[in-house]
Amino acid sequence: MNQKALHTLEYDKIIRLLIDKATSDPGRKMCENLQPGNSISQIDLRQEQTAAALDRLFKKGSISFGNNHDFSYACKHLAIGGSLSCTELLQIAGQLENVTRIKNYGRMEKEYTDCLSSFFDELEPLTNIQTEIRRCIIAEDEYADDASSTLRQIRRQLASTGEKIHSQLLSMVNGSYRTYLQDAVITMRNNRYCLPVKAECKGQVPGMVHERSQTGSTLFIEPAAVVDLNNKIKELEQQEADEIEVILATLSASLAEYADTILRNGELMTILDFVFAKAELAMDMNATRPVLNEKGILRLRKARHPLLKKDSVVPIDIHLGDSFKQLIITGPNTGGKTVSLKTAGLLCLMAQAGLHIPTLDRSEVCVFREIFADIGDEQSIEQSLSTFSSHMTNIVHIMKEADNRSLCLFDELCAGTDPTEGAALAIAILSTLQARGCYTMATTHYSEIKIYALSTNGVENACCEFDVEKLAPTYHLLIGVPGKSNAFAISEKLGLSDKIIEKARQQISSEQESFEDVLSSLETRRVQLERERADFDEQKQKLENRLADLTRREEKLQSQKDEILRNANEQARDILRDAKKVADETIRSFQKFDDNSSMKEMEQKRTKVREKISEKDSKLTLKAAKVPKGSKVKATELHLGDRVKVLSMNLRGTVSSKPDAKGYLFVQCGIIRSKVHISDLVLIPEDDITASTISHSSYGKITMAKSANVRTEINLLGKTVDEALNALDKYLDDAYMAHLPSVRIVHGKGTGALRNAVQTHLRALPYVASFRLGEYGEGDAGVTIATFK
């Protein structure tokens with residue numbers, strides 16, 4: 001990828017943001033060297049690694065690789081039998097400890113693997129080595145007494161000799177030498193124990209003079225009695241230094257056989273630091289993984305320029321390569337044309353570098369071999385180039401290199417010269433690029449180029465919307481509609497005289513004025529169509545929700561019907577079984593009857609059997625309700641909408657059809673429409689039709705008090721699917737009882753399993769009217785917005 005385009009599109013600023021996310025020097029260096037690729041398999045692997053790291057960040061939080069260093073020089077030194085310094089050994093121990101921590105971080109749930117699992121699995125902490133280094137070396141230039149038995153012995157002798165020196169010197173300070181001393185203290189000069197002796201008494205204290213005070217009144221003398229002991233301390237200190245060298249050499253030798261492992265750990269840690277830096281950047285930008293293709297399709301959904309503030313940038317939709325390969329963007333100055341160009345180019349560079357891009361998910365990016373950009377004023381005084389000459393020099397280079405796998409971006413193509421010649425030259429350049437099959441986006445104010453886009457296949461107009469009433473751009477990119485510069489309207493709003501504006505209008509040819517009027521008409525029609533489309537989409541969504549609700553109700557009704565039939569059959573079977581049992585008992589009783597039995601006893605048994613049969617019979621049939629006197633219905637008395645009671649079913653309903661010749665009609669009972677005979681109906685007087693009263697129980701008060709405090713959002717991050725659905729079900733019940741219009745369900749992006757489970761659950765709930773994924777600013781695909789009926 002050419003470096004000029006990278007600089008023009010501010011790719012280097014993205015790299016600086018990426019460097020800030022890395023936590024080790026090798027990782028930062030790897031981020032600094034990141035370049036866009038043009039192999040779809042390599043780019044897809046980079047994107048997969050970024051997505052895997054982002055998923056781990058959501059699940060387990062951030063991780064630091066700060067103790068990772070480049071140990072290539074130290075390992076080479078070990079390979080030739082060299083000894084490492086204390087600092088180098090401590091750095092290696094720190095890295096190995098960090099390897100242990102990173103490896104533990106990389107462990108996930110059972111059977112969970114992704115493209116980063118192999119990197120974590122390959123890390124070797126070398127626990128024994130790091131433990132031994134920490135045991136021997138406490139801190140920089142501080143070694144443990146137990147580092148070796150020899151070191152322990154030497155330090156014991158040092159302590160013993162030091163105590164002897166102190167003992168002798170203390171006896172001198174507190175004894176006969178007290179009057180000769182300036183102060184009753186023991187001091188150190190040249191790393192040897194001395195006494196501060198008065199200058200006039202130096203002959204009274206035999207020994208070596210090491211120093212004189214600035215005033216000359218005090219001499220620092222090493223008494224002759226402790227010279228040998230001081231010499232012994234010097235010897236022991238040298239032995240201690242030699243033993244420390246031996247300890248360092250021993251530790252280095254134990255590391256030498258693991259030099260390759262240490263180097264490989266460093267490489268793996270650097271790669272992981274680099275990958276997690278990309279994931280951290282994606283998290284900050286609320287970016288998503290693009291879908292890569294080699295079909296030449298560029299489709300960016302709600303794309304945002306990553307260097308603009310998230311809360312102020314207006315997302316735009318850009319598509320290229322499906323029905324057209326050239327996009328001509330027009331509109332007023334400061335309307336967002338250049339930002340649209342830079343957004344498209346920079347997001348393509350980021351995607352090809354393996355970085356997630358700040359768009360909605362399912363955005364598509366074509367893999368380009370080269371991206372060229374001629375954007376901005378590149379006037380050069382040193383090279384004696386005007387603005388036009390500078391741009392044309394860049395365009396000449398682009399025309400030499402561009403092919404059918406190139407994306408060319410031109411800002412104000414061929415501006416800065418005579419408008420007629422500039423427009424003609426721009427059309428010639430665009431038509432040449434179109435013949436080559438290049439992908440092109442260009443901004444312009446030339447009306448001739450707008451006409452070229454309208455009349456040429458494979459070329460499409462677009463505009464950056466501008467609100468003339470407010471004199472402010474909306475920054476929305478509208479593809480398919482050419483834009484106006486709105487110079488007259490803006491000038492008039494800013495206070496320019498009407499006479500001057502009218503005189504300017506007279507300078508425009510009738511063809512140009514007509515063309516601008518057509519553009520205005522198209523814009524008005526577009527706004528009207530957008531409103532109508534929004535209304536249509538809203539009505540369509542309502543119909544779809546209604547159809548889904550009816551389908552759910554029908555399924556529920558069918559399920560209830562099947563359940564009722566099943567229960568009825570089971571009850572009938574039980575009743576028949578009981579009846580058979582009674583009949584069998586009766587037959588056995590009659591068989592046992594003889595002449596000696598009394599007729600009264602037999603009659604009692606027969607009465608008992610009759611009562612049981614009547615009881616069973618009452619369970620198998622519905623008792624007809626008693627018809628009140630004078631309430632029989634005549635066909636002439638029935639009207640559509642009359643309230644009636646169906647006696648055989650003991651249900652109330654509404655008349656929905658007139659009786660036929662045989663007296664049958666349809667009655668709507670709730671959601672059930674039944675065909676009944678007029679003789680099975682009684683009219684319900686209007687006085688009996690009363691509204692159900694609302695009971696105010698203490699339970700109801702408790703429920704309302706609880707539902708009044710329901711939040712409008714639930715966070716399901718970190719939960720399993722079962723845990724999340726249990727929590728969601730209870731939350732939705734409370735939210736519905738609290739009469740919330742809608743709620744926000746945070747489930748994260750991740751693998752999409754939790755999101756799919758949440759949406760499947762919402763479809764099954766009868767009181768949920770609709771749901772959708774969040775838009776930009778609401779959490780994108782990481783949240784679902786559910787609306788209640």
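Two rings of Phe, Tyr or Trp, the last taken by its six-membered ring, are counted as a pair if their centres lie within 6.5 Å. The model under discussion is a predicted one, and it holds eight aromatic pairs. A pair of aromatic rings is described by the distance of the centres and the angle of the planes.

One of these pairs is formed by Y736 and Y767. Their ring centres are 4.7 Å apart and their planes stand at 25°. Planes under 30 degrees apart count as stacked, and the pair of Y736 and Y767 is therefore stacked. The two partners come from distant parts of the chain, 31 residues apart. Y736 belongs to helix α21, which covers residues 721–737, whereas Y767 is placed in the loop between α22 (753–763) and β24 (768–773). Their surroundings may be described in terms of accessibility. Y736 has a relative accessibility of 36% and so counts as partly exposed. Y767, with a relative accessible area of 13%, is buried, because buried means under 20%.

Elsewhere, ring pairs join F65, Y105, F120 and F276 into a cluster.

Two packed helices are described by the angle between their axes and the distance between the axes. Helix α4 spans residues 40–60 and helix α6 spans residues 86–106; their axes come within 11 Å and cross at roughly 90°. Angles of 65 to 115 degrees count as roughly perpendicular, and α4 and α6 are therefore roughly perpendicular to each other. Which residues in α4 and α6 meet? On the side of α4 they are R56, L57 and K60, and on the side of α6 they are N104, Y105 and G106. Sorted by class, this contact of α4 with α6 has two nonpolar, two polar and two charged residues.

Helix α4 also holds Q47. Is Q47 buried or exposed? Its relative accessible area is 0%, so Q47 is buried. When neighbours within four places in sequence are left aside, the residues in contact with Q47 are R289, P290, L292, M350, A351, G354, L355 and H356.

Another helix, α10, runs over residues 227–256 and contains E237. At 37% relative accessibility, E237 counts as partly exposed. The C-alpha atoms of E237 and I154 are separated by 8.2 Å, while the two residues are 83 residues apart along the chain.

The final topic is the backbone. Most residues other than glycine have a negative phi. D141 is not a glycine, yet it has a positive phi of about 60°. D141 is situated in the loop between β1 (137–139) and β2 (142–143), and its relative accessibility of 63% makes it count as exposed. N191, also not a glycine, likewise has a positive phi of about 60°. The loop that holds N191 lies between β3 (187–189) and β4 (192–198). With a relative accessible area of 56%, N191 is exposed, because exposed means over 50%.

Definitions and conventions:
Residues numbered from 1 in each chain as written. Predicted model: local features only at pLDDT ≥ 70, side-chain atom pairs only at ≥ 80, totals over all residues. Heavy atoms only, no water. Phe/Tyr/Trp six-rings, centres within 6.5 Å; stacked < 30°, edge-to-face > 60°. Helix = DSSP H or I, 4+ residues; strand = E, 2+ residues; numbered from the N terminus. Buried < 20%, exposed > 50% of the residue type's maximum accessible area, 1.4 Å probe, protein only. Axes fitted to C-alpha atoms, helices over the stretch in contact; angles between N-to-C directions. Parallel < 35°, antiparallel > 145°, perpendicular 65-115°, else oblique. Contact = heavy atoms within 4.5 Å. Nonpolar A, V, L, I, M, F, W, Y, C, P; charged D, E, K, R; others polar.
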